[in-house]
Amino acid sequence: MCAVSSPNSQYVVAKFGGTSVADFDAMNNCADIILTNANVRIVVLSASAGVTNLLVALAAGCDSDKRENCLKQIRDIQYAIIERLNTTNVIREEIERLLENIEMLSEAASLATSDALTDELVSHGEVMSTLLFVELLRQRKTDAEWFDIRRIMRTDGIFGQAEPDTLQLHISAMEHLHPRLKNTIIITQGFIGREEKGRTTTLGRGGSDYTAALLGEALGLQRVDIWTDVPGIYTTDPRVAPAAKRIDKIAFDEAAEMATFGAKILHPATLLPAIRCGIPVFVGSSKEPKAGGTVVCDKTKNPPLYRALTLRRKQTLLTLHSLKMLHARGFLAEVFTLLSRHNISVDLITTSEVSIALTLDTTGSTSTNGSLLTNALLTELSTLCRVEVEEDMALVAIIGNELSQAKGLGKEIFGTLESFNIRMISYGASSHNVCLLVPGKDAEQVIQTLHRGLFES
């Protein structure tokens with residue numbers, strides 16, 4: 001899909017996260033960033049901070065008091081921005097119409113929830129933030145156009161975790177967006193799409209990054225800029241380990257491992273379109289745009305053995321015991337066929353003669369069902385084997401380079417963590433990571449201890 005010589009290769013797509021469009025002042029900071037770079041022609045926005053969580057709460061169904069409270073909070077966030085705009089009645093009426101629709105959908109959810117209803121409800125956050133941002137830009141005498149991303153972002157029908165049709169996106173983006181790039185700044189929504197029947201879908205939490213990268217790929221743009229509340233990618237979350245250091249340049253494969261294993265700065269799928277087309281991704285802070293950031297690119301010189309630590313919570317450990325496994329064939333295939341039938345993908349896996357331990361990631365979806373392990377699935381598994389479930393686990397990943405070739409790595413890592421209970425280890429399948437499953441209550445302390453031992457000494 002990436003042309004060797006793209007007519008849009010000078011242009012940039014900029015994505016701004018929820019904290020970057022949280023209120024009027026934050027939106028103005030975003031406008032400043034856009035207006036200082038004439039090459040920014042497409043802007044992808046998340047919902048204002050807090051709005052998506054409130055919409056998800058409404059979609060889960062709640063009593064009238066909680067519903068009214070959530071609706072009030074959503075309204076207050078929107079009107080705090082509107083009241084500082086020199087608005088016409090048109091934008092007020094548009095936001096009011098959307099708020100009324102949210103109220104109607106939330107009442108429906110209180111009677112019966114569904115993933116399709118959840119996606120429809122949640123999409124309103126991005127629609128409102130983009131409408132308000134277009135108004136702000138126009139008041140700053142900037143030619144900006146609102147564009148409904150659902151016109152071109154066609155997806156499958158897996159609500160809460162939809163996958164885009166990238167070929168169709170390329171065709172539609174060139175038809176509908178390419179002709180506009182020279183003359184206007186296009187403001188559109190991240191995170192949402194539309195399936196073949198016309199129903200709204202979402203790409204999973206954090207999917208606005210993915211949207212931006214997909215547009216960069218489809219249009220052959222120069223760069224994808226991800227603006228968030230942190231000036232770049234760090235050796236770990238600075239809120240967990242204050243001594244964490246910014247990484248100025250990181251390779252795609254390292255960053256992809258970080259994203260996959262929980263680094264919140266990037267959505268796991270974001271880098272796939274960028275890798276396919278070799279488009280650099282810049283990560284910076286919309287609050288401190290002059291503070292620099294991190295460039296994610298194809299390769300870096302002299303990459304270190306240890307690059308970063310990541311943490312992913314809400315992991316479930318599923319242990320399956322069966323004597324049928326002993327010198328038998330087909331047991332694993334049967335288990336994975338069953339999991340696939342329930343739309344469950346396995347994260348990590350270890351095996352012994354008579355048991356399998358595997359982890360399931362319950363983060364990333366807007367589904368109203370909080371657990372992947374339905375009664376139907378557990379019942380089916382129980383006919384094959386004895387099942388043990390441990391929840392509230394955390395996955396700590398050590399990201400690096402050529403880890404599988406390093407001598408003394410086990411002693412260095414596990415000697416540092418001798419006082420902790422490590423429930424599961426995955427090592428050797430990738431040269432870029434070592435994964436440790438630990439109790440959720442120990443997760444931050446494990447990160448702090450590892451960071452001191454591997455990055456601060």
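These legends accompany close-up views of a predicted model.

**View 1. Helices H1 and H6 cross.** Helix H1 spans residues 24-35 and helix H6 spans residues 124-139. Their axes come within 10 Å. The crossing angle is roughly 65°. The crossing of H1 and H6 is right-handed.

**View 2. Side by side: the residues where H1 meets H6.** From H1, the contact takes in Phe24, Met27, Asn28, Cys30, Ala31 and Ile34. From H6, it takes in Ser129, Leu132, Phe133, Leu136 and Leu137. By class, nine of these residues are nonpolar and two are polar. No charged residue takes part in the contact of H1 with H6.

**View 3. Arg84, in the loop between H3 and H4.** Helix H3 covers 64-82 and helix H4 covers 89-111; Arg84 sits in the loop between them. Arg84 is partly exposed, with a relative accessibility of 45%. Leaving aside neighbours within four places in sequence, Arg84 is in contact with Phe24 and Asp25. Phe24 is also one of the H1 residues that meet H6. Leu136, on the H6 side of that contact, is 52 residues from Arg84 in sequence. In space, the C-alpha atoms of Arg84 and Leu136 are 9.5 Å apart.

**View 4. Ser114, in the loop between H4 and H5.** Helix H5 runs over 115-122, and Ser114 lies in the loop that joins H4 to H5. Its relative accessibility is 31%, so Ser114 counts as partly exposed. Ala60 is 54 residues away from Ser114 in sequence. From C-alpha to C-alpha, Ser114 and Ala60 are 8.3 Å apart.

**View 5. The two sides of helix H7.** Helix H7 covers residues 166-176. Leu169, Ser172 and Ala173 are buried in this helix. Seen down the axis of H7, the buried residues fall within an arc of 100°, so they line one face of the helix. The buried residues of H7 pack against helix H8 (207-219). Leu167 and Glu175 are on the other side of H7, and both are exposed.

View 6. Strand E4 covers 185-189 and strand E5 covers 192-194. Phe191 is found in the loop between these strands. Phi of Phe191 is near 85°. This is a positive value in a residue other than glycine. Phe191 has a relative accessible area of 3%, so it is buried.

**View 7. Asn343, an exposed residue with positive phi.** Asn343 is placed in the loop between helix H11 (331-341) and strand E14 (349-351). Phi of Asn343 is near 55°, again positive in a residue other than glycine. Asn343 has a relative accessible area of 68% and is exposed.

**View 8. Cysteines without a disulfide.** The structure holds zero disulfides. For Cys62, the nearest cysteine sulfur is that of Cys70, 5.4 Å away. Cys62 is buried, with a relative accessibility of 12%. Cys435 is also buried, at 0% relative accessibility.

Terms used: Residues are numbered from 1 along each chain as its sequence is written. This is a predicted model: local features need pLDDT of at least 70, side-chain atom pairs count only at pLDDT 80 or more; totals for chains, interfaces and linings use all residues. Side-chain values use heavy atoms; hydrogens and water are left out. A disulfide is a pair of cysteine sulfur atoms within 2.5 Å. Buried means under 20% relative accessible area, exposed over 50%, partly exposed in between (1.4 Å probe, protein chains only). Axes are lines fitted to C-alpha atoms, for helices over the stretch in contact, and angles run from 0 to 180 degrees between N-to-C directions. Helices (H or I, at least four residues) and strands (E, at least two) are DSSP runs, numbered from the N terminus. A crossing is left-handed if the near helix is turned anticlockwise from the far one by less than a right angle, and right-handed if clockwise. Contact means heavy atoms within 4.5 Å. Ala, Val, Leu, Ile, Met, Phe, Trp, Tyr, Cys and Pro count as nonpolar, Asp, Glu, Lys and Arg as charged, and the others, Gly among them, as polar. The arc is that of the directions from the helix axis to the C-beta atoms.
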